[in-house]
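Have the structure open while you read.

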2 protein chains.
Amino acid sequence: MTIRKATDEEPCPVARSVDLIGDRWSLLIVRDAFDGVRRFGDFQRSLGVARNILADRLRKLVDAGILEMRDASDGTAYQEYVLSTKGEGLFPIVVALRQWGELHLFARGERHSVLIDTRTRKPIPRMTPQAKDGSTLMPAFTEVRKVT
Amino acid sequence: MTIRKATDEEPCPVARSVDLIGDRWSLLIVRDAFDGVRRFGDFQRSLGVARNILADRLRKLVDAGILEMRDASDGTAYQEYVLSTKGEGLFPIVVALRQWGELHLFARGERHSVLIDTRTRKPIPRMTPQAKDGSTLMPAFTEVRKVT
């Protein structure tokens, strides 16, 4: 059996990202953070996750520089978890997960939450990889150039 | 403790997607499928994953309609796993994972694989959520409208 490469030897950016955030709870914590959730108890209520698992994932996300811990904005003794710039960079991943789910995992007419542009109050347009000329880039027109 | 909603009651498309493909192996199998990997042994060699785990994840991806099983294209007795249309719809997710990794998980100058447009042989442009006018949509200008 092939031994899996350690993350820091892994030349595939997809694999490195997946190693860091490619699990159910990390992805849902990041989703909630974009949605304005900041406190341990609020993450717990939103996710219905066991405290020890939530604590573990939050710590990993802080260690990875995706979340930052801050004192509560309201002057209470709470700690808050806020997306760093690196964490905000995960936005396209969350949007891509959302849009695929909207398209493929709901029955016609079944209700789901919608991500809207607050300036227009309209759902945001579908995001796709684009070629330099702005046309939609299909997977068939792409290829991974491996590190040699 | 809140009991987590069953997936089919979950009104958040991110959560439904994450429930289906939000684990390390599923995401890497999908990545490999976009990269042209089709056979059990080739997935195994690429991922270094135990056979029973690989078999489980492939079966789930087939059951979810993301991969389709076909007889081998070369007339041998092998089965091949090929992305369905629904599976090809995961392309933005894989691209988003890749681009975040490229930007945040490699040291300057550290080599990594690159996704290129085969028509130009150039790396594909960064993908971002866009507003209707084509401008980059920042998370701060978005909001999730929940199902009420």
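Let's start on the outside, with A:R51: its relative accessible area is 52%, and since anything over 50% counts as exposed, this residue is exposed. Keep in mind throughout that this is a predicted model. A:R51 sits in helix α4 of chain A, which covers residues 51-63. What does A:R51 contact, once neighbours within four places in sequence are left aside? The partners are A:F40 and A:Q44. A:F40 is 11 residues away in sequence, and the C-alpha to C-alpha distance between A:R51 and A:F40 is 8.7 Å.

**Chain A as a whole**

Chain A has 6 helices and 5 strands. Read from the N terminus, the order of its elements is α-α-α-α-β-β-α-α-β-β-β. The C-alpha trace of chain A spans about 55 × 45 × 30 Å along its principal axes. Of the 148 residues in chain A, 47% are buried. If you take the contacts in chain A with a separation of 6 or more, 39% of them come from residues 24 or more positions apart.

**Another arginine, and a serine**

A:R31 belongs to helix α2 of chain A, residues 24-34. Is A:R31 buried or exposed? At 13% relative accessibility, A:R31 is buried, because the cut-off for that is 20%. Skipping neighbours within four places in sequence, A:R31 is in contact with A:S46, A:L47 and A:V94, and also with B:C12, B:V14 and B:A15.

Over in chain B, helix α2 holds B:S26. B:S26 is buried too, with a relative accessible area of 3%. Apart from neighbours within four places in sequence, B:S26 contacts B:L20, B:I21, B:R57 and B:L61.

**The core**

The largest nonpolar core has 78 residues, and the ones that touch the most other members are A:I66 and B:I66. Here's what surrounds A:I66 when residues up to four places away in sequence aren't counted: A:L20, A:I21, A:V30, A:L61, A:V82, A:L83, A:S84, A:G87, A:L90 and B:W100.

**Helix α3 of chain B**

Which residues of α3(B) are buried? They are B:F40, B:F43, B:Q44 and B:L47. These residues lie on the same side of α3(B), because they cover an arc of only 100 degrees around the axis. The cover over the buried residues of α3(B) includes α2, α4 (51-63) and β2 of chain B. Just after α3(B) comes B:G48, with a positive phi of about 60 degrees.

**Rings and charges**

Over all chains, a search of the whole structure turns up 4 aromatic pairs. One of them joins B:F34 and B:F91, which are 5.2 Å apart centre to centre with 45 degrees between the planes, a tilted arrangement. This pair links distant parts of the chain: B:F34 is in helix α2 (residues 24-34) of chain B and B:F91 is in helix α6 (residues 91-104) of chain B, 57 residues apart. B:F91 counts as buried, at 5% relative accessibility.

B:F43 and B:Y81 make an edge-to-face pair, because their planes are at 75 degrees and their ring centres 6.4 Å apart. This pair also links distant parts of the chain, with B:F43 in helix α3 (residues 40-47) of chain B and B:Y81 in strand β2 (residues 79-83) of chain B, 38 residues apart. B:F43 is buried at a relative accessible area of 0%, and B:Y81 counts as buried at 12% relative accessibility.

Note on methods:
Residues are numbered from 1 along each chain as its sequence is written. Chains are lettered from A and ligands numbered from 1 in the order in which they are written. This is a predicted model: local features need pLDDT of at least 70, side-chain atom pairs count only at pLDDT 80 or more; totals for chains, interfaces and linings use all residues. Side-chain values use heavy atoms; hydrogens and water are left out. Rings of Phe, Tyr and Trp (its six-membered ring) pair if their centres lie within 6.5 Å; planes under 30 degrees apart count as stacked, over 60 as edge-to-face and the rest as tilted. Helices (H or I, at least four residues) and strands (E, at least two) are DSSP runs, numbered from the N terminus. Buried means under 20% relative accessible area, exposed over 50%, partly exposed in between (1.4 Å probe, protein chains only). The arc is that of the directions from the helix axis to the C-beta atoms. Contact means heavy atoms within 4.5 Å. A nonpolar core is a set of buried Ala, Val, Leu, Ile, Met, Phe, Trp, Tyr and Cys residues joined through side-chain atoms within 4.5 Å.
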